[in-house]
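Here is a short tour of one protein model, written to be read with the structure open beside you.

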Amino acid sequence: RLRTEYLADSFRLRAPAHDHLQFSRSELRAGYQGSNWRFAFEIQDSRAWGFETFSPVGTDDVNTLEPVNLKVSRHWQLKGESALEITAGRMTLDYGSRRLLARNNFRNTSNAFQGVHLSHSKAGSSTRVFYTLPLQRRPDVSDAASLRDREFALDKAGSGERFWGASYDHHAPGSGGSLAAYVFASKLSDRPSRPVADRDLMTLGARASWAGDRVDVEAEGAYQWGESVQSVLSSPTKVLDHRAWFTHFHLGVDVLGDVNLRLGFDQATGDRDPLDGRNERFDRLYGARAFELGPSGIFGAAIRSNVRSPVLRVLWKTTPQQSWLLSHRWLALDSPRDFFVSGGRRDASGRSGRDIGRQWELRWRWQSPSLHLTFETGGAVLHKGEYFNGLGGSVLNPLSPGNSRYLFTQLSWSY
């Protein structure tokens, strides 16, 4: 996969006036399937070129020759339609809506984990349990020169970062409806060579969805509690009581045959008061966002943390091979005193307000199954709101004139 991206007048605190980067991602997979045993291997090579001094390039973009999947699975067919499978090794994970746990698609690198995954399925339901150590992509931003030179270093799993959980999904046969409940636990601790924002969190969530002939609806919410620090720069001894939540809702209607009109709303809490000894900023864990919140890459204005965002989206399939997407998303901070997370900006006084602006997104996609090709091109514009006017007087949120403009073109080939 090859992609070129361009961004002008970024919303970030530190960024070039114009950024033009090129990305590549190559994946090689191999496997063995026996009657009850399965082995899978996948190596992923992610690279980037053309960055400026302050280009937002990190381990989300570069990770060379990394075995993201190296796993063995054992399958048992039980009575009736019931089955049990256990998997061990390195693996990528997708769950449910992918908002909190996902294998990344648009992003140039993928989340990967080392551990054990157990799944049990039967007619209409499935249960999953897993315990993992997330792989820490290397080299990381602490070795920026090696990262930007695309040097190889094997990703590392350490006890300083742990992620485990369980889920139950029920699908009512023939009704188009489903219900799900999940619990995730995430623990992240500092090491001398890897400063991080420490956290010890539990996330409990539920999701309900229904799809009919022309209408689909989904609602999801999660509550998060535990202990955390506010940022990488915070003292690890300054632990805050963590209470946060997020919610998503959308209603989609098929109109004119191949046109889907969707109205949705996303909210994830932000920290209300930086001095009250509590942290209400929702942690998005290991979720993806490009499929719903707009392009990530060097753009990525919308993120599931300190945000309120209604959206109107139109998806139009003009031919079996071609589709268009147009969306208009309003972006506001849930808490005006907390960080605008993706921009690295903050006005702790709250005087800059909530209004991040309005995000327009347009994308055209063409797929050729016979040639195994997918071509995409599109872009986004963030019409900046009053938050960027510089009237709050914060050194972390100075004046930022000019709307952010983003373009990308991508070609994928599989064989």
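## A hairpin and its neighbour

Strand 4 and strand 5 make a hairpin with five residues between them, and Gly80 in the turn has a positive phi of about 65 degrees. Strands here are DSSP runs of E, at least two residues long, numbered from the N terminus. This is a predicted model, in which local features need pLDDT of at least 70, side-chain atom pairs count only at pLDDT 80 or more, and totals for chains, interfaces and linings use all residues. Residues are numbered from 1 along each chain as its sequence is written, and side-chain values use heavy atoms, with hydrogens and water left out.

Strand 4 (residues 63-77) runs antiparallel to strand 5 (residues 83-91), and eight bridges join them; two strands pair if DSSP finds at least two bridges between them. Within this pair, Ser73 stands opposite Thr87. Strand 5 also pairs with strand 6 (residues 113-122), again in the antiparallel sense, over nine bridges. Here you can find Met91 opposite Phe113.

## Strands 7, 9 and 10

Strand 9 (residues 161-171) is joined to strand 7 (residues 125-136) by eight bridges, and the two run antiparallel. Thr127 faces Tyr168 of strand 9 as its opposite residue. Strand 9 is also joined to strand 10 (residues 177-188), antiparallel, by 11 bridges, with His170 opposite Leu179. The hairpin of strand 9 and strand 10 has five residues between the strands, and Gly174 takes a positive phi near 80 degrees there.

## The nonpolar core

Which residues have the most contacts inside the largest nonpolar core? They are Leu100, Leu101, Phe163, Phe184, Phe299, Ile356 and Tyr406, in a core of 43 residues. Such a core is a set of buried Ala, Val, Leu, Ile, Met, Phe, Trp, Tyr and Cys residues joined through side-chain atoms within 4.5 Å, where buried means under 20% relative accessible area with a 1.4 Å probe, protein chains only. Strand 10 gives the largest share, three residues.

Take Phe184 as an example. Leaving aside neighbours within four places in sequence, Phe184 is in contact (heavy atoms within 4.5 Å) with residues including Tyr95, Leu100, Leu101, Phe130, Phe163 and Trp164.

How values were computed: Helix = DSSP H or I, 4+ residues; strand = E, 2+ residues; numbered from the N terminus. Buried < 20%, exposed > 50% of the residue type's maximum accessible area, 1.4 Å probe, protein only.
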